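Colleague: I have a model open and a few questions about its packing. Can you take me through it?

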Amino acid sequence: MNHLIKKVVAIIVTMLIAVSVVGCGNNDQQYTRTDFMMDTVMQVTAYGRNAKKAVDESMNKLREIDNLMSSQKSGSDVQKINDNAGVKYVKVNPETFYVIKTALKYSKISDGYFDITVAPLVNLWGIGTDHAHVPTESQIKDAMKYINYKDVLLDEKNDEVKLSRKGMAIDLGGIAKGFAADEVENIMKENGIKHALINLGGSSVYLYGSKPDGSNWNIGIQNPFGDKGTYFAIVSGKDMLIDTSGNYERYFIQNGKRYHHILNPFTGYPAESGVVSTTIVSSNIKSIDADALSTITFILGVDKGMKLIESMPGVDAIFVTPDYKVYATSGLKGKLKITDSRFKLYENR
C-alpha cells in the first residue's frame with residue numbers, strides 16, 4: 001500500500017498542468033479518474049458531454065491491456081508466451097501481437113538496444129522490487145545468454161508468438177504504456193471528445209486536443225535530480241505526446257552507486273550513456289513509438305540519440321546530462337522553456 005501511496009502522490013505533484021476550466025456548459029464538463037495499473041498510476045481527464053463515458057471506457061481498456069501484457073499477471077498473454085518458451089507457439093490477442101511486432105521493429109531500428117527479451121536480466125536485477133540487488137558477473141552472463149530479439153518468432157497469420165529457446169522471456173514494460181495511450185486516444189475520438197489529458201504514470205503523457213479554452217497545455221518536465229513534482233522546463237502544445245525515460249524512476253543505491261531500471265542488453269548493467277533522462281516530444285508519431293524511442297535514446301546517449309531522432313520527421317527529443325546540460329533537437333527551438341536556472345539549454349547540438 002505504501003508503494004501505491006507514493007505513486008499517487010508522485011502523479012499528483014509531478015505534472016504541471018495549467019488547466020483553466022471554469023464554464024459550466026456541456027463542452028466544459030470535466031471528469032477525471034485515477035487508478036493504479038501497469039505498475040504505475042494512471043490518470044485520464046476528459047472534457048465535454050461524453051467525458052465520463054470516455055474516461056470510464058478508457059480505464060476499462062487500460063485494465064484490459066494490463067491483464068493481457070503484464071509479465072506478472074497470471075494468465076496474461078506475456079506469461080503464457082514465457083511459460084512456453086522453447087516449447088510451442090502461443091496464440092495471443094491481436095493487440096498483444098501488434099505490440100510485440102512493433103517492439104521487434106524498434107529492436108531492428110536500434111540494432112538491438114531496445115529488446116523485449118531483456119526480461120531475464122530485469123528479473124535478475126529486481127529493480128523496483130523489494131529484492132533489488134547487484135547480481136554477480138556470472139549471473140549476468142548467464143542471463144544474457146537468453147537475450148536476442150531475433151529469437152522471438154511470429155506467426156502473423158494466426159497471431160501466434162514463440163520464444164525459440166527455453167529460458168527466454170519477454171517484458172513489454174518499455175512499450176505497452178505507449179500502446180495504452182494510443183488506445184485511450186482512440187476512445188476519446190470515438191466519444192467525440194475534443195479536450196483530454198492522458199497521463200499514464202507521468203512518463204507517458206498525451207495532450208489530446210487543446211485545453212478547453214483553446215490554449216496550449218503546459219507540461220513540466222521532471223527535474224531528474226529533484227523530488228517528484230519538481231520540474232526544470234516546460235513544454236507547451238496541443239495534440240502532442242511526451243514520453244520520458246529517466247534514471248530516477250526506479251533505482252536503488254548500493255555502496256554509493258545508483259543502479260536504475262533501464263538495462264543495456266549488451267552489457268547486462270543499467271545503461272550508462274552520459275544522460276540522466278530523455279524525453280520524446282511529437283505530434284507526428286503514435287505513443288507506442290515514443291515509448292520505445294525514449295528508452296532507445298536513453299541507452300544511446302546524446303550524440304547517437306540526437307542523430308536518430310533528427311532523422312525522424314516531426315519527432316523531437318530532450319536530453320539531460322549529469323552536469324545539468326539540456327540538449328534539444330532542432331524542432332524544439334523556441335518551444336522549450338527552461339524554468340530552473342541551474343539547467344543550461346543547448347538547442348540542436
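Colleague: Trp125 and Tyr259: buried or exposed?

Modeller: Both Trp125 and Tyr259 are buried, where buried means under 20% relative accessible area, exposed over 50% and partly exposed in between, with a 1.4 Å probe and protein chains only. This is a predicted model, in which local features need pLDDT of at least 70 and side-chain atom pairs count only at pLDDT 80 or more, while totals for chains, interfaces and linings use all residues. Residues are numbered from 1 along each chain as its sequence is written, and side-chain values use heavy atoms, with hydrogens and water left out.

Colleague: Which aromatic cluster is Trp125 in?

Modeller: Trp125, Phe252, Tyr259 and Tyr269 make up one aromatic cluster. Rings of Phe, Tyr and Trp (its six-membered ring) pair if their centres lie within 6.5 Å; planes under 30 degrees apart count as stacked, over 60 as edge-to-face and the rest as tilted.

Colleague: What sits over the face of Tyr259?

Modeller: Lys257 does, at 5.7 Å from the ring centre. The rule is NZ of Lys or CZ of Arg within 6 Å of the ring centre and within 35 degrees of the ring normal. Arg258 lies over the face of Tyr251, at 4.0 Å from the ring centre.

Colleague: How many aromatic pairs are there?

Modeller: The count comes to twelve aromatic pairs. One of them is Tyr98 with Phe179, tilted, at 5.8 Å centre to centre and 55 degrees between the planes. Tyr98 lies in helix α4 (residues 94-109) and Phe179 in helix α7 (residues 176-190), so the pair ties together parts 81 residues apart in sequence. Helices (H or I, at least four residues) and strands (E, at least two) are DSSP runs, numbered from the N terminus.

Colleague: And how exposed is Tyr98?

Modeller: Tyr98 is partly exposed, with a relative accessible area of 35%, whereas Phe179 is buried at 3%.

Colleague: New topic. How many residues are in the largest nonpolar core?

Modeller: It has 68 residues, and Leu62 and Ile100 are among those with the most contacts inside it. A nonpolar core is a set of buried Ala, Val, Leu, Ile, Met, Phe, Trp, Tyr and Cys residues joined through side-chain atoms within 4.5 Å. Helix α8 (residues 287-310) supplies the largest share of this core, twelve residues.

Colleague: Last one: why is strand β8 largely enclosed?

Modeller: Five of the six residues of β8 (residues 217-222) are buried, so the rest of the structure largely encloses it. Six bridges join β8 to strand β9 (residues 231-237), and the two run antiparallel; strands pair if DSSP finds at least two bridges between them.
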